[in-house]
Every structure is written in structure tokens, then in C-alpha cells.
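Here is a quick tour of a few local features in this model. Have the viewer open and follow along.

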Amino acid sequence: MFDYSNLSPDQALLEAQKIAFGPIVFQSARLLRDWGIFELLQKEKKGLSIAQIAKECTLSEYATEVLCESGFSMGALEFKDEKYTLTKIGYFLLNDEMTIANMNYNHDVNYLGLFYLDESLKTEKPIGLQKAFNTDEPTIYPLLTKLPKKAKESWFGFDHFYSDAAFKSLVEIMAKKEIKNMLDVGGNTGKWAIALTQKSPATTVTILDHQPQIDVALKNAKDAGVQTRVKGHPIDLLDHTLAFPSGVDAVWMSQFLDCFSKNDIVNLLRRAKNALNSSGKVYIVEPFWDRQTHDIGSYILINTSQYFNALANGKSKMYRASEFEEFTKNAGLKIVEEIDGFGFGHTLMICEAI
């Protein structure tokens, strides 16, 4: 994983410059995509000159030239005989759903806040969130439904892209268990609760989250026709003195626990354990960076940790599966089954009380 040991000094120096100029390259790539240059060159496979690109995209030749030159330097465009063509990298920047979700999320949600990463890391508070979105909120979660339009769309687009990829398989597995009552902790807009109750008529899901998210989830459940089996329980999940509703068959925590510090994770898992009936189980779904099958997944997950620090809450990160094994043990749970490979590298951990 991430073996750069065989680079020559010149290659290593070039890689260092890519990092140093990363913010500039990112914004250039975004504008090449958003202003239609990549799309135009995808259609015109023989290539176009700067003047032709500028005319077709209604840009000045100056703007077109500086963007295309940057595109050439990053490998997204090829420059030959005074014409630019689209490369494989440019193709993925334009068309790949994962890359689009990542770029939108990093621009609309993270970009301004990450300027304050140093302060956020030192204080373990989301200073970037407070500066970029002019708020005193200690976490991003109560603000999710109130973010500016593009930031909200990009946040949920990013979140749903990665969670939805695993949904179909997970819904099939969980529906077969015929669970009667489940807590969906951090259920957000209700996508999981709705998907499961539509597939499993015997199941009722209670979403534990902030009231604004519950309001959206219940509206979505009504629109989906499952409002009688999707309920809401508003709760401050960081107040560990507040018990979860008890006597349930299952507690579902999907892409949720990575939103918290290590100590909070243990406390949340302990509260989940205490909510179970005698045969109940805790189901954890996470994309662990040490369980990925390729470097792409690990790279994305590791670098998402900076969002959690600067914008989400100041304390959490993307974790390794080995860390979660310790968390569950400390919470009085034992892992009885693990299944890897859902969606984009998600793992399902099934736990019982010790």
C-alpha cells in the first residue's frame, strides 16, 4: 500500500510539487470540468486549438489557455501540434461518479474550512466549520439541512454515493433476518430506514438523530408510504447520560461511528449494547481503510479524516478495522461475524453483548 520507495529523486521532487500546488491544480481541474472544456474535448477527439475551445465555451483565450496548460500539467489534457485532447485522467474527472462526488464535496463543503486545519487540529474543534459557515455550532451535524444549497447537495451527494453503493446488498441481508424493531442511530434523511422497511414488511425502524434530520426523514418515509413503520426519536447522541430506547432486536450504525472520537465510539457502542433485548445484535457498517482492496479506497478514506477534524467535529477520523475490534471489546461487545466487500469497500460487523 502506497509504496513510493522506488521513485528517483526527480520523480519524488515532481510528486512533492504536485502536493505543493495541489489547491491550484484542484481548482483548475474543477473549472475545466464545470466550464465545459473537458466535455467539449471528449466530443472533439481530434483535438482543438485554444481559439476554438475559447469560442465554443464562450471564454477568453487567456482564461482558456491558463486552464488548458494546467490541465496538461496534471495529465488531464494532452497538448500536441497546438491542439488539446482529453486523456484518461480528464475522462475520469468528467465522467466518474466517485470523482465527481469527491470533487464537489471538497470544493463546496471542505475547501474554505481546510484553511483552518492547523487551528482545528491543535484545538480539536471544527474551527474550519465555524469560519467557513459563520456558525458557533460545535459540530456540522445539526447544520446539515441548513447548509447553503450547493454545500448541502454536495455533502449529501458524497454521503449517499458511498453509502448507497452498499445498500442493495445490505438490505437483502438484513431483510432476511426479519427483525421486528431496529434503532437506526444517526439515521440522517432516512434512506436506510425507508429501504429496509420497504423490503421487510415486518420491520419497524426508529431513527435516533437531531430533530431537523428526523423531520426530513419522516417526510421522506411518508412520501415512500412507510410512515407507520419509520419513527423518530430526537436525541443528543453525544450526551452519554441519555439511554437509547431499550428492548430492541437490532441497533444499526452505518457510516456513523466514524463521526466520533474513540472515547465517544466506545460510549455509543455501550449505549447500543444496553438497548438490546436478550438476543439482540449491534450491526456496524464502516469503510475501514485497512480493509480496502486497492490504494484508491485507502487514499480517499485516509484523507477524509481532515474533513472530520476541520469541519465535522474536530475529533473523529476514518478508522482501521483493528481499532474497531478494540472499541467493541471495551464496550462489552464481541464480534460474531464480519463480512467485507460491500459497495466501495464497506465491512459489516455483527456484534453481541458479552
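Gln255 is buried, at 17% relative accessible area, where buried means under 20%, exposed over 50% and partly exposed in between (1.4 Å probe, protein chains only). Gln255 sits in the loop between strand E6 (248-254) and helix H13 (262-275); helices (H or I, at least four residues) and strands (E, at least two) are DSSP runs, numbered from the N terminus. Its phi is near 45 degrees, a positive value in a residue other than glycine.

Asn134 also has a positive phi, about 50 degrees, without being a glycine. The loop here is the one between helix H9 (127-132) and helix H10 (149-175). With a relative accessible area of 74%, Asn134 is exposed.

## Where this comes from

This is a predicted model: local features need pLDDT of at least 70, side-chain atom pairs count only at pLDDT 80 or more, and totals for chains, interfaces and linings use all residues. Residues are numbered from 1 along each chain as its sequence is written, and side-chain values use heavy atoms, with hydrogens and water left out.

## Thr197 in H11

Now look at Thr197, in helix H11 (residues 191-199). Thr197 is buried, with 0% relative accessible area. A polar atom of its side chain lies 2.7 Å from the backbone oxygen of Ala193.

Leaving out residues up to four places away in sequence, Thr197 touches Thr203, Val205, Val226, Arg229 and Val230 (contact means heavy atoms within 4.5 Å).

## H6 against H7

The axes of helix H6 (residues 88-95) and helix H7 (residues 97-110) come within 6 Å and cross at roughly 70 degrees. That makes H6 roughly perpendicular to H7, a label for angles of 65 to 115 degrees. Axes here are lines fitted to C-alpha atoms, for helices over the stretch in contact, with angles running from 0 to 180 degrees between N-to-C directions.

On the H6 side you'll find Phe92, Leu93, Leu94 and Asn95, meeting Glu97, Thr99, Ile100 and Met103 of H7. These contact residues divide into five nonpolar, two polar and one charged.

## Aromatic rings

There are 22 aromatic pairs in the structure; rings of Phe, Tyr and Trp (its six-membered ring) pair if their centres lie within 6.5 Å, and planes under 30 degrees apart count as stacked, over 60 as edge-to-face and the rest as tilted. Phe79 and Tyr84 make a stacked pair, 4.5 Å centre to centre with 25 degrees between the planes. Phe79 is partly exposed at 32% relative accessibility, while Tyr84 is buried at 3%.

Ring pairs also link Tyr105, Phe158, Phe161, Tyr162, Tyr307, Phe308 and Phe344 into a cluster.

Methods: Parallel < 35°, antiparallel > 145°, perpendicular 65-115°, else oblique. Nonpolar A, V, L, I, M, F, W, Y, C, P; charged D, E, K, R; others polar. Polar contact = N/O pair within 3.5 Å; in protein donor to acceptor, adjacent residues only side chain to side chain.
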